Amino acid sequence: MPFAVYVLGLAVFAQGTSEFMLSGLLSGIAGDLRVSLGDAGLLTSAFAVGMVVGAPLTALAGRSWPRRRALLSFLGVFVAVHVVGALTSSYAVLLATRFAGALANAGFWAVALVTALAMVGPHQRARATAVVLGGVTVACVVGVPAGAALGELWGWRSAFWAVALVSAPAAAALLLAVPGGRPEGAPKVSAVSELRALARPRLLLTLLVMALVQGATFCTFSYLEPLVTRVTGFGAGWVPVVLALFGVGSFAGVALAGRLADTRPDAVVGLGMTALALGWAALALTASHPVAALALVLLQGALAFGTGTTLITRVFHLAPDAPTMAGSFATAAFNVGAATGPWLGGLALGAGFGFRAPVWVSALLMCLALAGAGVLSALSGPARRPLAARRRPAAER
């Protein structure tokens, strides 16, 4: 695997820390800015909405950009808005910086995925995708708990400053590792042709399933802090530990999926989604039992990111004639879920259903994802039946 692919994972680590660290800072932000927990949760949704809007737009705009310059430009904007976020005392300004930071992050992801895949052969695409996504899981293991710990010690603003500082070595590494010229063999397929390729029913349904899976993940992840402190009974000092446990599971899930996604994708997705649905329901029922809650947080992290990685690989498989836009649509679907999940969880909390409510919403979203996977299987079935029907008469002869 080329060194530059790992550098892209490092940069994604810095940005992933920002995307997910609010799950350990919600109470501090809500108290400091005098907003509700649900409103604080919308900061995560704002970031995800920016990713949804920014992913396809920046992918279209950057189809022929010099990759190193594009990556450094997006990362520079990302750092700048975090400095503004660390300084502001306005909820509205902080919300705007989350959206702007997400636009920059989306641009980075759109270029990073194409860059990573262009550096490896077809047989290594799942592993390259897993390395880039591995930056997100390392963020969950190290960055997010560290951000929560900083927030506990010096306030939530210190976590924003830390993200800006961590991005500096990532920028230096990108400058050294990624070629500075324009992409070799600029896209020969027109943007219109790529968009048409992405309109296939099987691909669109796969993107919907991915959004539902991620919605379930982020619905609970965004509200882990109030769940473990007010239902499980852990003190605030345990929040970084629980977040790190989720991250460890996520890293393990991505690593395993990177090795299995090219050979057994159906098994990984089918078993993973079923286990996720059961796991979220089990967590909702056993959240008051510390040992069970910790075990399920670890397991759900592995299942969620392992399944999500495999679904992203499947999108590239279903859209070979949309080389630059497939990754952006996968990123958008990922973040549709990341935006919708916290919003639905916040609605459930605001309605007075208790701190377990987001976990039950996650279980419901996974049931919908399983229903979508069933429809996808039905759509795939007819393509195979005619072949079987042709073989039977030949065998009889």
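Is Asp 32 buried, partly exposed or exposed? Asp 32 is partly exposed, with a relative accessible area of 39%; here buried means under 20% relative accessible area, exposed over 50%, and partly exposed in between (1.4 Å probe, protein chains only). The close-ups below come from a predicted model, in which local features need pLDDT of at least 70 and side-chain atom pairs count only at pLDDT 80 or more, while totals for chains, interfaces and linings use all residues. Residues are numbered from 1 along each chain as its sequence is written, and side-chain values use heavy atoms, with hydrogens and water left out.

**View 1. The whole chain, before we zoom in.** The protein chain has 15 helices and zero strands (DSSP runs numbered from the N terminus: helices are H or I with at least four residues, strands are E with at least two). Of its 397 residues, 54% are buried.

**View 2. Arg 157 meets Asp 32.** The structure holds two salt bridges, a salt bridge being a side-chain nitrogen of Lys or Arg within 4 Å of a carboxyl oxygen of Asp or Glu. One of them joins the side chains of Arg 157 and Asp 32, at 3.2 Å from N to O. Arg 157 sits in helix H7 (residues 156-177) and Asp 32 in helix H2 (residues 26-33), so this pair ties together parts 125 residues apart in sequence. Arg 157 is partly exposed, at 23% relative accessibility.

**View 3. Asp 266 meets Arg 314.** Here the side chains form a salt bridge at 2.4 Å, N to O. The pair links distant parts of the chain, with Asp 266 in helix H12 and Arg 314 in helix H13 (residues 290-318), 48 residues apart. Look at the two partners in turn: Asp 266 is exposed at 55% relative accessibility, whereas Arg 314 is buried at 16%.

**View 4. Val 268 in helix H12.** Val 268 belongs to helix H12 (residues 265-286) and is buried, with a relative accessible area of 17%. Beyond its neighbours within four places in sequence, Val 268 is in contact (heavy atoms within 4.5 Å) with Leu 260, Gly 306, Thr 307 and Thr 310. Thr 309 is 41 residues from Val 268 in sequence, and their C-alpha atoms are 9.9 Å apart.

**View 5. Met 366 and its partners.** Leaving out residues up to four places away in sequence, Met 366 touches Val 213, Ala 216, Met 273, Leu 276, Ala 277 and Trp 280.
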